[in-house]
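Hi everyone, thanks for coming.

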Amino acid sequence: MSKTKLKTYFECTACGARQPKWMGRCPDCGGWSTVEEVRLAPVAEAAERWVARGEYGSPVPMTEIEGGSELRFSSSIEELDRVLGGGIVEGSAVLVGGDPGIGKSTLLLQMLLELGKRGMKVLYVSGEESARQIRMRADRLGGAVAEVLVLSEIDVDAILAILEKDRPSAVVIDSVQTIVSAGISGAPGTVSQVREVSARLVGWAKGRGLPLFLVGHVTKDGSLAGPRVLEHMVDTVLYFEGDKGHPFRILRAVKNRFGSTNEVGVFEMGEGGLRGVLNPSSLFIAERPEGASGSAVVPCLEGTRVLLVEIQALVAPQTFGTAQRTVSGVERSRVQILSALLDRRLGLSLCGQDIFVSVAGGLEVSEPAGDLGLVAAILSSYTNRPLPQDAVFFGEVGLAGEVRGVSRAEDRVREALKLGFKKMILPARQSKELSKSPAAKGAELHPIGNLDELMDLLA
Ligand code: TYD
Ligand code: MG
């Protein structure tokens, strides 16, 4: 290929899919005006640059590679360690995604401050905030630490040069969408920039065996801007989620080469930064009203943990032409299906009623085990009769109105008992199994086979 001829291609800035020509709408992700032309450096030139940087390796016999398990060290933040699979892995690249303002910078700066206090020299690179802003944040988080180096820079070459010179023990890049590589066309944050910048940073970190944390912003549809390509490049992808109106934050692993993706960490955002929540259940149900109808407690799985959450429902005569189903924290279609079931199977007339459902604390209940609690909350609001204060509900409701078993029933019962709940309203089959289990000692098991039985129990 000629050295001077430049090749171009078209790429979607939202999903990274390549297209043969420019188009107004990306056929892969459906985004409008997201396809952009990207200039590709000629292969020979790219290879030369690569070689010049010394970023190439040579094959080694497998037997000469050091084995054993990965080397880890604690981040000093228990909830973060758990989600990472037991601490920070040397030479790993971790992507932390989440909505703006959710607390990504706070979490990672807090981690660096803790590492710094332990005498580790660490580096915080910010392309978004000035060094002074970071200092002010550190003061808020308990004071600046000399071992934490701060760099306000957006040029990846400058960052790599400093990394090479200083060799910190851990690096945070906040955020990868603000960093640019001079060799690539396009503004910061475009797919080609994000990919190049990440590839070089990740490559460097792996070569030197030090952990790298990349912060990534999330687009409004919930995917990482500058996108799946990034998720493939890193070892671990963590999402930081939560409702900004509430102090709770959940850190979730969606990909982890060094641990389980079922782990979640729960934090509370306060004046002095993020604090790990050791007993999240008690927190999520702390403000539950007493003796109010429409409130049901459900033991839900969040990763490997069981959390007790409160589902609230309000059923009221409809105010507009069509009945509303306004929900937050649960799937709207679930509410529609379950209310139709209540109509058909129990003869309620919900079709002329507005139904509002929300999950307290800004949490989300996405597993089918929440069905029974949802039905109970709706029933309770409809009949205006509060549910027993010390009852929890779990079970999946099928289209015939039958109540089906769910996973980890024993753990759900155990968590409910721990928080003082005695009455377990659960699928009939699992009630039978649990009646013999020592885990259910002290629990009142109320087996439910179908919705009629639930109605009878609550009457
Ligand atoms: P931030 O970490 O800047 O979010 P991100 O990097 O994900 O965009 O968090 C900003 C929010 O957190 C902001 O609304 C202020 C709040 N906050 C606190 O409530 N307490 C604190 O101690 C800090 C540092 C921030
Ligand atoms: Mg930030």
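This is a predicted model: local features need pLDDT of at least 70, side-chain atom pairs count only at pLDDT 80 or more; totals for chains, interfaces and linings use all residues.

Let's start with strand β15, residues 295-302. Is this strand buried or exposed? Eight of its eight residues are buried, so β15 is largely enclosed by the rest of the structure. In general, side chains in a regular strand alternate between the two faces of the sheet. Here, S295, V297, P299 and L301 point one way, while A296, V298, C300 and E302 point the other way. Both sets are buried, and that includes E302.

Now, what does β15 pair with? Its partner is strand β16, residues 305-317, and the two run in the antiparallel sense over eight bridges. If you look along the pair, you will find V298 opposite V309 of β16. The two strands form a hairpin with two residues between them, and G303 in that turn has a positive phi of about 65°.

On to ligand 1. There are 16 residues around it, and G101, S105, T106, G270 and G273 come nearest. A polar side-chain atom of R137 sits 3.0 Å from a ligand oxygen. The protein covers 76% of the 570 Å² of accessible area that ligand 1 has on its own.

Which elements give two or more residues to this shell? They are α3 (104-117), α4 (131-140) and β13 (264-270). Helix α3 gives the most, with three residues. By class, the shell has four nonpolar, seven polar and five charged residues.

Note on methods
Residues are numbered from 1 along each chain as its sequence is written. Chains are lettered from A and ligands numbered from 1 in the order in which they are written. Side-chain values use heavy atoms; hydrogens and water are left out. Buried means under 20% relative accessible area, exposed over 50%, partly exposed in between (1.4 Å probe, protein chains only). Helices (H or I, at least four residues) and strands (E, at least two) are DSSP runs, numbered from the N terminus. Two strands pair if DSSP finds at least two bridges between them. A residue is near a molecule or strand if one of its heavy atoms lies within 4 Å of it. A polar contact is a pair of N or O atoms within 3.5 Å; within protein, one must be able to donate a hydrogen and the other to accept it, and residues adjacent in sequence count only if both atoms are side-chain atoms. Accessible areas come from the Shrake-Rupley method with a 1.4 Å probe; for residues, only the protein chains shown count as cover. Ala, Val, Leu, Ile, Met, Phe, Trp, Tyr, Cys and Pro count as nonpolar, Asp, Glu, Lys and Arg as charged, and the others, Gly among them, as polar.
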